Amino acid sequence: MKFDIVSRGDHRSNNIKSTMTQYLTDFDLEYSEEEPDLVISVGGDGTFLEAFHRYVHRLNETAFIGIHTGHLGFYADWMLEEVERLIIEIAKTPYQVIEYPILEVTIRSKTGKEEDRFLALNEATIKTAEGSVVFDVDIKGEHFETFRGDGLCISTPSGSTAYNKALGGAILHPSLEAIQLTEMASINNRVFRTIGSPMILPKHHTCLLKPIVDRSFLIAIDHFTQTYTNVKSIQCRVAKEKIRFARFRPFPFWNRVRDSFVTEGDRTKMDN
Ligand code: NAP
């Protein structure tokens, strides 16, 4: 089996990376940055996002696993003290693969010539530095509302615990094939009216945002933000691709939610 390790780049994460590389190659696994079957991210959930985007072109052939060198993470759910166990698991145990949905974003320009397609693990956000964004929101080909406000966040179920949560969105179990739209400070008065609550769309419902007022948009795909002008539409839907997590032990999603946001859990109980 071929593996790569993506480190956050700090001293501690780099040390874990070199120790793991040494042990795993001793166990006859092959280090490969070109065609890894398994990508191990070492750092935090942010590092995991980087690892995902580094190998986004070969999601069908790659499984991911994350080690956190700080607090418990959502993607990085193996802790430092578990690294030894993880090395042995990777070397000795065939892992189970769990697939979760991701988001497809297609940005089309008014010239009709350019089209950018992205995959997001957490979310896409659309904002502007020039006042508020104004766009028509179509759902499944029908006009739904005209949104005016700071912006919109379209998240995956896995990303529902990230930016989406800070915007008052619901936490979705990552096995649900859906995307969630959350508003950022919508303007609601006698002129402008939006639904005002998060909406969850199933996988066969596409959401199309069509700018009414021409702006330079700041479009973020997970941790990368780019500026777009002359935008005709931004299309969001559940992607046909999925992320594949390598699973070596059960760690139920709701336990991770509880341990991250509600109470410090006793991790030893969860392995039973
Ligand atoms: P960052 O601003 O340095 O950190 C964002 C925080 O979000 C980090 O604590 C990160 O965890 C955590 N995070 C990332 N994915 C998560 C997930 N699926 N569930 C729960 N927490 C998660 O940015 P970054 O590390 O490059 O990550 C980019 C992400 O930041 C974006 O995808 C967006 O979701 C999030 N973000 C959140 C807000 C907000 O909550 N107001 C605003 C902007 C962006 P680690 O510490 O483990 O890396």
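**A contact and its surroundings**

Modeller: Start with the side chains of threonine 194 and serine 186, which are joined by a polar contact of 3.3 Å. By polar contact I mean two N or O atoms within 3.5 Å; inside the protein one must be able to donate a hydrogen and the other to accept it, and residues adjacent in sequence count only through side-chain atoms on both sides. Keep in mind that this is a predicted model, where local features need pLDDT of at least 70 and side-chain atom pairs pLDDT 80 or more, while totals for chains, interfaces and linings use all residues. Numbering starts from 1 along each chain as its sequence is written, and side-chain values use heavy atoms, with hydrogens and water left out.

Where does threonine 194 sit? Look in the loop between β11 (178-186) and β12 (199-202). Those names come from DSSP runs numbered from the N terminus, with helices (H or I) of at least four residues and strands (E) of at least two. Threonine 194 has a relative accessible area of 8%, so it counts as buried. The scale is simple: under 20% is buried, over 50% is exposed, and partly exposed is in between (1.4 Å probe, protein chains only).

From there, let's go to the salt bridges, meaning a side-chain nitrogen of Lys or Arg within 4 Å of a carboxyl oxygen of Asp or Glu. Side chains of opposite charge can pair when their charged atoms come close. Searching the whole structure turns up 16 salt bridges. One of them is between aspartate 138 and lysine 210, at 2.8 Å from N to O. Aspartate 138 belongs to strand β9 (residues 133-139) and lysine 210 to strand β13 (residues 207-211), so this pair ties together parts 72 residues apart in sequence. Aspartate 138 is buried at 9% relative accessibility, whereas lysine 210 is partly exposed at 31%.

Glutamate 241 is buried at 18%, but lysine 240 is exposed at 69%. Those two also take part in a network of salt bridges that links Glu104, Arg117, Arg237, Lys240 and Glu241.

Now for the ligand. There are 17 residues around it, and Asp45, Gly46, His68, Glu123 and Thr161 come nearest; a residue is taken as near when one of its heavy atoms lies within 4 Å. Histidine 68 has a polar side-chain atom 2.7 Å from an oxygen atom of the ligand. Histidine 71 has a side-chain N or O atom 3.4 Å from an oxygen atom of the ligand. Serine 158 uses its backbone instead: a polar atom there is 3.3 Å from a nitrogen atom of the ligand. On its own the ligand has 840 Å² of accessible area, and the protein covers 61% of that. Areas like this come from the Shrake-Rupley method with a 1.4 Å probe; for residues, only the protein chains shown count as cover. Two or more residues of the ligand shell come from each of α2 (45-54) and α4 (163-166). Helix α2 gives the largest share, three residues. By type, the shell has six nonpolar, eight polar and three charged residues. In that count, nonpolar is Ala, Val, Leu, Ile, Met, Phe, Trp, Tyr, Cys and Pro, charged is Asp, Glu, Lys and Arg, and the others, Gly among them, are polar.

Aspartate 28 is not a glycine, yet its phi is positive, about 75°. You'll find aspartate 28 in the loop between α1 (11-26) and β2 (30-31), where it is exposed at 71% relative accessibility. Lysine 140, again not a glycine, has a positive phi of about 50°. Lysine 140 sits in the loop between β9 and β10 (142-155) and is exposed, with a relative accessible area of 51%.
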